[in-house]
Amino acid sequence: MDRRRHARTPLDSPAIGLLRSEGAGYVAGTTLVDHPQTFFVDLLDRSSGGARLKSAIEIELGTSFQLTVFNSDSKAWDRFDGSAVWMMQAIFGNASYFLIGASLLPCKSQVSQGRTDISGEKKIPFEGDYEFFRETELLRFLPRDAVVTMINNVFHRKVKAGDRFITQGEPGDACYLIQHGTCVARVEGAGRLKTVARLREGSIVGEMALLTGEPRSAHVFAETDMALWGLTRAQYDSLVPQFPELRTFLTTVLTRWFDTRKVIAERRIGKYSLTDVLGQGAFALVYKGRHRDLNMPVAIKMMRHDMAMEPDFVDGFRKEAQTIAGFSHENIVKIHDIEEKYRTVFIVMEYLEGRTLRQVLDIMLRLPPKKVVKYVRQICDGLDCAHRRGIVHMDIEPGSVFVLPDDNVRIVDFGLAFYLRHQP
């Protein structure tokens with residue numbers, strides 16, 4: 001039998017609340033008396049005189065606070081004076097939280113709404129900031145139960161117009177979500193700076209450092225005064241086990257970056273330097289590179305980070321590459337090396353001058369019969385060699401055949417074989 005004085009109404013989706021202990025009138029001996037805090041909580045259900053809160057922070061009984069609750073219907077914030085009347089620990093997913101029974105009364109004193117301009121100091125988001133966050137791609141991508149944890153873990157940073165806040169080559173310790181202002185990313189090479197992107201409100205910058213651990217790939221300069229919300233690598237590493245969608249989101253952002261930026265800073269992968277983007281596909285990006293000691297040109301295929309999150313694909317890609325590296329056939333691309341770094345896999349291959357057969361057909365429209373026979377015979381010879389080793393290409397088409405200037409061909413993209421063979 002429910003003995004509550006006020007019947008609670010479960011919410012279809014938890015409401016967002018911002019709890020402030022500072023200035024609310026403390027009760028001596030409570031957890032928050034020595035360290036007044038402001039943080040977001042979830043409201044799981046409501047009644048006319050109270051609510052049940054879910055919090056990552058412990059609040060002892062009797063603690064007084066002020067609570068503002070986002071009303072999704074009116075898109076406004078309701079304000080309450082509250083106090084904790086009971087508390088217990090509970091497991092949600094794979095994390096421990098505190099459930100708090102709170103009494104709530106309409107707020108008598110004015111609560112600062114935390115203006116979102118860049119002149120004031122703040123440590124966490126306030127009400128207006130949450131309204132910015134809820135419109136971002138980040139919060140739309142994350143599951144609802146990750147929202148409060150996410151915004152409680154970000155930190156605020158202000159940047160003056162003209163300042164550089166990310167430096168190419170330095171270790172990356174945080175990524176940033178832009179709330180106000182614009183910035184430009186510039187890659188430095190051969191003593192020159194080349195602009196590769198302009199970023200504005202709602203954009204993410206610096207995500208590669210969290211995902212791959214690589215040094216910063218570009219300088220980033222503020223064009224205007226800026227307000228940023230940052231997430232450190234330590235915070236990211238602590239959140240991902242609980243909310244893997246965060247890694248998926250940042251991987252999507254990083255993949256989009258690779259897809260649209262042709263100019264890159266020199267990246268070092270083991271004995272190799274990556275210099276230019278040669279091409280890209282659904283599973284990998286291909287770079288032109290160079291063996292630094294031998295001064296030998298190479299092509300380096302980098303598995304996309306979203307694919308690198310799938311253990312079966314990574315294992316199969318690695319095994320296929322190791323198998324093909326053992327081939328010695330004039331019609332199969334030669335694989336020199338395999339490097340695993342920055343949370344992905346790099347396949348180092350011979351650098352091929354020429355065009356894919358798809359590009360040749362686009363230019364020529366129709367090939368002479370003798371040339372067709374020459375190409376088909378070489379393709380069949382290469383596939384026969386692979387078949388005798390137990391490898392089926394699974395995706396042979398004009399884009400997977402490279403035509404050299406002397407009309408010899410190389411079959412490429414064997415790395416798809418394992419993946420395609422195991423698709424439903």
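Modeller: A salt bridge here is a side-chain nitrogen of Lys or Arg within 4 Å of a carboxyl oxygen of Asp or Glu. The model is a predicted one, and a search of the whole structure finds 10 salt bridges. Three of them are described below.

One of these pairs is Asp 45 with Arg 52, whose closest N and O atoms are 3.0 Å apart. Asp 45 counts as buried because its relative accessibility is 8%, under the 20% limit. Arg 52, at 23% relative accessibility, counts as partly exposed.

Another pair joins Arg 216 to Asp 173, with 3.8 Å between the closest N and O atoms. Arg 216 is buried, with a relative accessible area of 10%, whereas Asp 173 counts as exposed at 51% relative accessibility, the cut-off for exposed being over 50%.

The pair Arg 388 and Asp 384 lies within a helix: both residues belong to α10 (residues 369-388), four residues apart, or about one turn of the helix. Their closest N and O atoms are 3.0 Å apart. Arg 388 is exposed, with a relative accessible area of 60%, and Asp 384 is partly exposed, with a relative accessible area of 40%.

Technical notes
Residues numbered from 1 in each chain as written. Predicted model: local features only at pLDDT ≥ 70, side-chain atom pairs only at ≥ 80, totals over all residues. Heavy atoms only, no water. Buried < 20%, exposed > 50% of the residue type's maximum accessible area, 1.4 Å probe, protein only. Helix = DSSP H or I, 4+ residues; strand = E, 2+ residues; numbered from the N terminus.
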